[in-house]
Amino acid sequence: MEDSISGRDTAQEAGEGFHVSLHLPAEPGQLTVLRKTVFQLPRVSDKLKMDLHVMIEEIFVNICSYGYPEGSGTVDVSFDVQDAVTIVFTDSGKPFDPTKDLPNMAEYDIMHTIGGVGRFLTFQLADDYSYEHVGDKNVLRLVKKLD
């Protein structure tokens, strides 16, 4: 594997920004590729990269763990850097809207309740997010403004 991501950076030429798309097996081990991609995004502060890392880890691992209970699948992940970083996860796993049924953290019993905190944190970190089920695809869009 190469040490750098491949993408299109036209910010200096035409002010369009940077875009990279990845097509990955839905396997938790592929998180390394996503981490590397995040930490090499141009024009993104280290603090923002850490927030993005938390967000992508939670979403990607959940897709891998719950999206394909019958076997293997794939996940497409795209990163766009312009005035904000937009990350889009697309998979054809089990339909699931991760933005719904988030725990009420004021009532969350950390000693007896399992799950939901990572999704809650992801959507707290995001400046904007949306989910839609299009055809047979789950499409989750996360947006984080540049510092």
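**View 1. The β3–β4 hairpin.** β3 and β4 make a hairpin, with 2 residues between them. (Strands are DSSP E runs of at least two residues and helices are H or I runs of at least four, numbered from the N terminus.) This is a predicted model, so local features need pLDDT of at least 70 and side-chain atom pairs count only at pLDDT 80 or more, while totals for chains, interfaces and linings use all residues. Residues are numbered from 1 along each chain as its sequence is written, and side-chain values use heavy atoms, leaving out hydrogens and water. β3 (residues 74-81) pairs with β4 in the antiparallel sense over 7 bridges; strands pair if DSSP finds at least two bridges between them. Look for S78, whose bridge partner in β4 is V88.

**View 2. The other neighbour of β4, strand β6.** β4 and β6 run antiparallel, joined by 8 bridges. Here A84 has K145 of β6 as its bridge partner.

**View 3. β4, inside and enclosed.** In β4, 8 of the 8 residues are buried, so the strand is largely enclosed by the rest of the structure. (Buried is under 20% relative accessible area, exposed over 50%, partly exposed in between, with a 1.4 Å probe and protein chains only.) A84, T86, V88 and T90 point one way, and V85, I87, F89 and D91 the other. In a regular strand, side chains alternate between the two faces of the sheet.
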